[in-house]
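Subject: Structure for you to look at

Dear colleague,

Please find the structure below. My notes on it follow.

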Amino acid sequence: MRRRNELALLPKSPLLITESADEFDALRDAFEQEIKPRGIIEQMYVHEICAIVWEILRLRRCKVVIINSAFRSALQDLLMQLLKQPGQYSHDVEDEAQALAQAWFTDKEARKQVLETLSRFELDETAIEAEAIRKSSSDLELLDRMLSSLESRRDKALCCVAEYRAGLAHQLRESADRIIDGKDVLQLEHPSSNRPTAA
């Protein structure tokens with residue numbers, strides 16, 4: 001019951017409609033097993049750390065997707081450079097480059113033709129990756145800045161858990177010392193001292 005009340009105070013899981021609540025819960029369970037939060041304050045820290053780590057994982061996935069999404073236009077641009085003969089204009093080879101770039105994803109013959117074209121210039125498929133990364137560089141740079149900020153927030157949140165625990169432990173030790181030393185214990189008079197004296 002207490003655990004349910006603590007979880008009710010936490011914000012909802014920060015999930016996109018394409019993301020899995022079960023996977024987020026598994027991540028939170030892993031952090032809870034590692035940190036073993038005691039009380040709502042530590043539970044809040046754990047939830048915040050999970051949300052940050054989840055967002056880091058999301059942005060890392062996005063980096064790959066951004067590069068993959070740029071593959072077709074990267075390949076088309078690369079083919080336009082490689083197919084163009086001296087004296088030709090880019091628009092002379094644009095249709096062929098566009099058709100090959102489109103077919104590269106599904107057609108084995110087109111893929112073979114692209115590889116042959118690349119190899120004539122001592123290139124391979126990594127040239128497509130490089131061009132896709134170059135075309136996406138401004139988006140990737142923005143993601144890197146966001147990731148850096150999130151990683152810094154994650155590290156601070158982890159430090160906060162340690163500092164909170166250290167502060168609480170110090171407070172409890174001081175309280176225990178005061179009790180042991182008798183400073184916080186009410187001094188009760190001996191019952192015999194309260195008896196009225198005989199006249």
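**Salt bridges and confidence**

Asp-77 is partly exposed, at 26% relative accessibility. The model is a predicted one. Asp-77 pairs with Lys-135 in a salt bridge between their side chains, at 2.7 Å from N to O. Because Lys-135 belongs to helix α7 and Asp-77 to helix α4 (residues 71-83), this pair ties together parts that are 58 residues apart in sequence. Lys-135 is partly exposed too, with a relative accessible area of 34%.

Another salt bridge links Glu-125 and Arg-111, whose closest N and O atoms are 3.1 Å apart. Glu-125 sits in the loop between α6 (108-120) and α7, while Arg-111 is in helix α6, so parts 14 residues apart in sequence are tied together by the pair. Glu-125 has a relative accessible area of 27% and is partly exposed; Arg-111 counts as partly exposed at 31%.

Arg-154 and Asp-155 also form a salt bridge through their side chains (3.1 Å, N to O). Relative accessibility is 23% for Arg-154, which counts as partly exposed, and 38% for Asp-155, also partly exposed. The structure holds 12 salt bridges in total.

On confidence, the chain has an average pLDDT of 87, and 86% of the residues score at least 70. Confidence is lowest in helix α1 (residues 2-8), with a mean of 53, and highest in helix α7 (residues 126-135), with 97.

Regards

Note on methods:
Residues numbered from 1 in each chain as written. Predicted model: local features only at pLDDT ≥ 70, side-chain atom pairs only at ≥ 80, totals over all residues. Heavy atoms only, no water. pLDDT = per-residue confidence, 0-100. Helix = DSSP H or I, 4+ residues; strand = E, 2+ residues; numbered from the N terminus. Salt bridge = Lys/Arg side-chain N within 4 Å of Asp/Glu carboxyl O. Buried < 20%, exposed > 50% of the residue type's maximum accessible area, 1.4 Å probe, protein only.
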